[in-house]
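Please look through the sequence and the 3D model shown here before reading on. The paragraphs that follow lead from a pair of helices to a single residue.

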Amino acid sequence: QSAGGANAIINILTGLYKCAEPSAEASSTTDAADAVQWEREKFAAQNLISIIHDILTKFVESESKEGHTIDPNEWRHAIEGAGKIAIYCTSFAGVVVVILKAMQGLEQIQMERLKTDFFPLICSLIRVQSEDIRDLVQKILLQKFGPLMGIEPQ
């Protein structure tokens, strides 16, 4: 239940944060409209960072303590939502995948704004047991953080 709720919150906040900026023709030119737009993004970013930090920190702690005792096949089942072992790292493996896919979907300018919050969290996932999570981490490092460091993906 907690994992399902976390997925829903992450999807909603990511949608708010990624919401396309209104075009000059479509948006009103009032300062109030600009303030609402700015507040939406700020609200979403603050809450998204807080929730992602909490989930990934707990996931990494749980995985480092208990992950080595889990059958590698169980990780795939956990990500698919069919895991049988109910510990934090397996219960929230699917949520971690949702988080990583949400990060992949961010525009570079959005990633630029959140890089100091996201980079340490992404690095903490490098050693997890789940191959699916490590693959997503690699893609994010290459596709999102590489360009921020002036390294274009090959």
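An axis here is a line fitted to C-alpha atoms, for helices over the stretch in contact, and angles between axes run from 0 to 180 degrees between N-to-C directions. This is a predicted model, in which local features need pLDDT of at least 70 and side-chain atom pairs count only at pLDDT 80 or more, while totals for chains, interfaces and linings use all residues. Residues are numbered from 1 along each chain as its sequence is written, and side-chain values use heavy atoms, with hydrogens and water left out.

Helices are DSSP runs of H or I with at least four residues, numbered from the N terminus. The axes of helix 6 (residues 108–124) and helix 7 (residues 131–148) cross at roughly 125° and come within 10 Å. That angle makes helix 6 oblique to helix 7, since angles under 35 degrees count as roughly parallel, over 145 as roughly antiparallel, 65 to 115 as roughly perpendicular and the rest as oblique.

Turning to helix 1 (residues 2–18), its buried residues (under 20% relative accessible area, with exposed over 50% and partly exposed in between, for a 1.4 Å probe and protein chains only) are Ala3, Ala6, Ile10, Leu13, Thr14 and Tyr17. They cover an arc, taken from the directions from the helix axis to the C-beta atoms, of only 105°, which puts them on the same side of helix 1.

Alanine 3 counts as buried because its relative accessibility is 17%. Not counting residues up to four places away in sequence, alanine 3 touches Ser91, Phe92 and Val95.

Conventions. Helix = DSSP H or I, 4+ residues; strand = E, 2+ residues; numbered from the N terminus. Expected span 1.5 Å × (residues − 1). Contact = heavy atoms within 4.5 Å.
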